[in-house]
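This report concerns the salt bridges of one protein model. Please view the sequence and structure below before reading on.

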Amino acid sequence: MPASPSTARAINDRLALRLLQREGPLTAGQLKKLTGLSRPSVADLVERLAEAGLIGVVGESGEQRRGPNARLYGIVADRAHLAALDVRTEGVSVVVADLLGAVLAEASVPIADETDTAPAVERAVALVERTAKEAGVERLHTVGVGAPGLIDPATGELRDSTGLPEWHRRLAAALQERFQARVVVENETNLAALAEQRDGVARDRDTFVLLWLGHGIGAAVVLDGVLRRGASGGTGEIGFLPVPGTGGMPSATGCEGGFHSLAGAAAIAELARPYGVVASAVEHEPHAAALVREAVSRVVEGAPATASGPAPTPETAGVADVAAGGGGGPRSSPRPFGGAASEFLDALADRVALGAASVIAVLDPGCVVLSGEIGRAGGEVLAARVRERLARMTPLPTEVRAGTLGGGAVLRGALLMARDGAQDELFAPPER
């Protein structure tokens with residue numbers, strides 16, 4: 001059946017708003033061309049959206065003649081304000097933005113492991129309050145929260161996960177109560193995938209897997225443009241993946257003995273030690289990221305190895321030759337410039353490829369993005385090594401790309417989620 005006039009108007013209005021979001025300010029003539037609507041229809045929708053406070057005149061085009069078609073219309077960015085949080089075990093980062101996602105203020109605060117639940121929640125909520133005040137924002141419309149752990153698909157709430165602090169689960173309710181805002185929570189790795197798909201290295205992919213290499217390890221699965229969460233919200237919990245070389249098996253209550261024991265931050269830092277790779281710790285990121293960055297720098301620049309001395313045994317280096325059939329352990333022969341650093345990255349790539357190959361065998365995503373602080377630190381140098389190993393391990397052609405957003409991907413993804421939610425509500429046709 002043909003759409004009713006009111007439904008057709010609502011569809012046209014939403015189309016125009018999405019075009020203004022994607023393209024930026026447009027003239028009525030440009031809207032006419034992009035929507036295919038008649039000039040009177042475009043004039044009507046511009047008037048409706050302006051009266052609703054959703055769009056306004058933001059300037060004039062470079063056209064020679066003056067008139068209505070020369071006015072540039074844009075979304076009213078301060079129609080609603082958003083907050084996004086990246087919640088980690090050691091603290092919280094927050095940004096406050098307008099309806100278009102432009103960041104107005106940002107801040108972070110550490111929260112020590114021994115902090116009790118109520119003070120930890122209050123510290124996080126107070127951070128959002130201060131940041132909003134700094135941005136000149138009186139009311140938040142939507143708050144997006146990225147956190148480790150499982151999100152219940154039925155309720156959208158963070159599930160009780162072993163090893164995560166209690167204040168994580170209490171935070172969403174506290175934010176909703178304090179700000180009377182819409183609060184949406186999503187797993188941090190899923191948000192990193194959203195950010196890389198929208199603004200990062202996966203913009204041309206509708207099917208890919210993102211491997212998060214940070215303090216912990218996880219994966220996000222995007223198939224046919226849709227983020228897949230699984231029946232219990234546990235898609236991508238590859239820290240529990242049984243792999244060779246760990247000396248044990250994971251359990252239902254802990255991922256030690258699983259892939260986490262090979263590719264988590266603590267395991268990577270331990271792996272670097274026998275190769276003599278050292279680096280100063282950087283605030284707000286795993287020490288392993290600094291170690292990988294240092295190794296990459298030495299490989300790229302051809303600098304001497306950090307340390308000399310007797311080479312360690314393969315046993316002290318961790319997994320060697322498991323993933324790719326060679327090149328995993330330290331050498332006893334003299335090291336060339338960057339040699340030990342290169343061997344460390346080879347051994348790390350062996351480990352990462354183990355988990356990636358298992359995911360590829362099940363999903364055939366065609367593309368794997370290495371993300372997180374450690375993935376970004378490894379960059380194309382690590383991605384190339386993982387790509388080479390996967391080409392030998394699986395018959396399924398798979399690109400391996402280095403994520404471009406690093407640890408900031410979670411916060412960016414949380415902001416995109418908040419923006420989408422707010423726009424869906426504000427751009428929806430009015431109920432009749």
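The structure, which is a predicted model, holds 27 salt bridges.

| Salt bridge | Distance, N to O |
|---|---|
| R178 and E122 | 2.7 Å |
| E425 and R182 | 3.8 Å |
| R205 and E399 | 3.2 Å |

In the pair formed by the side chains of R178 and E122, R178 belongs to helix α5 (residues 166–179) and E122 to helix α4 (residues 117–134), so the contact ties together parts that are 56 residues apart in sequence. R178 has a relative accessibility of 35% and therefore counts as partly exposed. E122, at 38% relative accessibility, is likewise classed as partly exposed.

The salt bridge between E425 and R182 connects a helix with a strand: E425 lies in helix α13 (residues 409–426) and R182 in strand β7 (residues 182–187), so parts that are 243 residues apart in sequence are tied together. E425 counts as partly exposed at 46% relative accessibility. For R182, a relative accessible area of 35% gives the class partly exposed.

The side chains of R205 and E399 also meet in a salt bridge. This pair links distant parts of the chain, with R205 in the loop between α6 (188–199) and β8 (208–213) and E399 in strand β12 (residues 399–402), 194 residues apart. R205 is partly exposed at 21% relative accessibility, and E399 is partly exposed with a relative accessible area of 34%.

Technical notes:
Residues are numbered from 1 along each chain as its sequence is written. This is a predicted model: local features need pLDDT of at least 70, side-chain atom pairs count only at pLDDT 80 or more; totals for chains, interfaces and linings use all residues. Side-chain values use heavy atoms; hydrogens and water are left out. A salt bridge is a side-chain nitrogen of Lys or Arg within 4 Å of a carboxyl oxygen of Asp or Glu. Helices (H or I, at least four residues) and strands (E, at least two) are DSSP runs, numbered from the N terminus. Buried means under 20% relative accessible area, exposed over 50%, partly exposed in between (1.4 Å probe, protein chains only).
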